[in-house]
Structures are given as structure tokens and as C-alpha cells.
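This briefing covers helix packing, the nonpolar core and aromatic pairs. Please keep the structure open while reading.

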Amino acid sequence: MVFDDNVNALMQVNPVLAAQLMMIETNKRFEVFVDEKDPANINIYDKELDTPLYKEIPIKEIAYSYDNFIKNYSRYPIIFVYGIGNGIWLKMLLETKSVVKCFLFEPNLELIYIVFNLIDLSKDILEKRLNIYWEHILDYSVYS
């Protein structure tokens with residue numbers, strides 16, 4: 001199971017976040033919609049804000065954003081990202097050979113949980129290419 005692989009990998013590098021993910025109550029704020037014809041076409045609806053994560057076709061928005069990123073930032077080996085989205089853009093980014101390390105900061109634990117159920121990030125987590133931080137338990141004083 002994808003979630004188990006991701007959490008087991010995370011447990012080795014960030015056990016506090018992994019424990020939080022194992023205790024989360026799901027489907028409180030978000031609903032996930034996966035296109036039957038294209039499983040990479042995933043949208044997440046925020047019930048609290050009454051808005052989808054992607055306004056148009058998710059895969060097209062992601063492709064546009066990814067192309068724009070590659071055009072402007074492909075030579076940078078270390079990337080800082082705010083927000084996990086649906087995980088597809090992140091997975092595409094991690095498959096880019098020029099990206100050596102990615103630091104991801106996410107304010108909502110439920111979104112991390114959703115992505116961990118959809119996308120296998122375990123290899124990148126174990127190799128420490130992907131470092132995930134949940135803002136709620138992030139100690140900013142360590143970084144100042």
C-alpha cells in the first residue's frame with residue numbers, strides 16, 4: 001500500500017510527522033476527485049473554503065506550472081516548495097535529474113495524508129531528496 005510505504009519511509013527521517021499522519025482523522029476538510037480516464041488528473045476540494053485546489057483541469061494546470069518551473073529554475077539543485085498540492089507536480093519535480101534536494105513545507109496535515117495515499121514518494125523520502133515539514137510542528141528557531 002502506498003500510504004504504508006510513504007509513512008514507513010518518513011518514520012525513518014521524521015518520526016514525529018509520521019506519527020501525526022498515522023493518527024489523523026481524514027475527510028474532515030477535503031474531498032478527493034480522481035478522473036476515471038486519467039488517474040493523474042486529481043483535484044482536491046476544500047469543503048471549508050468551498051473551492052477546488054485546481055480551478056480548471058488539474059493535469060493541465062500542473063503541466064503548465066511544471067514547464068514554467070523547468071524554464072526558470074531547472075539549474076537549481078535545491079528547491080524549497082510551499083504546499084504539496086495533489087502530489088503530481090512534486091513527483092514530476094523529483095523525477096527531474098537536476099533536483100538534488102527538495103524541502104516541502106505544508107500547512108495542512110490532511111493534504112499530506114491525501115498525497116501519501118495517492119503518490120509513492122517513499123524512495124525520495126528515504127534518500128532524503130524529499131524533506132517534508134508540517135508547519136504546525138515546525139520549530140522556526142532551529143532555522144534562524
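A residue counts as exposed when its relative accessible area is over 50%, and as buried when that area is under 20%. The model discussed here is predicted. At 58% relative accessible area, Phe-80 is therefore exposed, whereas Phe-103, at 18%, is buried.

**Aromatic pairs**
- The structure contains seven aromatic pairs.
- Phe-80 and Phe-103 are stacked, because their ring centres are 5.1 Å apart and their planes lie at 15 degrees.
- Phe-80 belongs to strand E4 (residues 78-82) and Phe-103 to strand E5 (residues 101-106), so this pair ties together parts 23 residues apart in sequence.
- Phe-103 also forms a stacked pair with Tyr-133, with 6.5 Å centre to centre and 10 degrees between the planes.
- Tyr-133 is buried, as is Phe-103.
- One aromatic cluster is made up of Phe-69, Tyr-73, Tyr-76 and Trp-89.

**Nonpolar core**
- The largest nonpolar core comprises 37 residues, and Leu-90, Leu-93, Phe-116, Leu-121 and Leu-130 have the most contacts inside it.
- Helix H5 (residues 109-118) supplies the largest share of this core, six residues.
- Beyond its neighbours within four places in sequence, Leu-93 touches residues including Tyr-66, Phe-69, Ile-79 and Val-99.

**Helix packing**
- Helices H1 (residues 2-13) and H2 (residues 15-23) have axes that come within 6 Å and cross at roughly 150 degrees.
- Among the residues making this contact are Phe-3, Val-7 and Leu-10 of H1, and Leu-17, Leu-21 and Met-22 of H2.
- The contact of H1 with H2 involves eleven nonpolar residues, no polar ones and no charged ones.

Definitions and conventions. Residues numbered from 1 in each chain as written. Predicted model: local features only at pLDDT ≥ 70, side-chain atom pairs only at ≥ 80, totals over all residues. Heavy atoms only, no water. Axes fitted to C-alpha atoms, helices over the stretch in contact; angles between N-to-C directions. Helix = DSSP H or I, 4+ residues; strand = E, 2+ residues; numbered from the N terminus. Contact = heavy atoms within 4.5 Å. Nonpolar A, V, L, I, M, F, W, Y, C, P; charged D, E, K, R; others polar. Core = buried A, V, L, I, M, F, W, Y, C linked by side-chain atoms within 4.5 Å. Buried < 20%, exposed > 50% of the residue type's maximum accessible area, 1.4 Å probe, protein only. Phe/Tyr/Trp six-rings, centres within 6.5 Å; stacked < 30°, edge-to-face > 60°.
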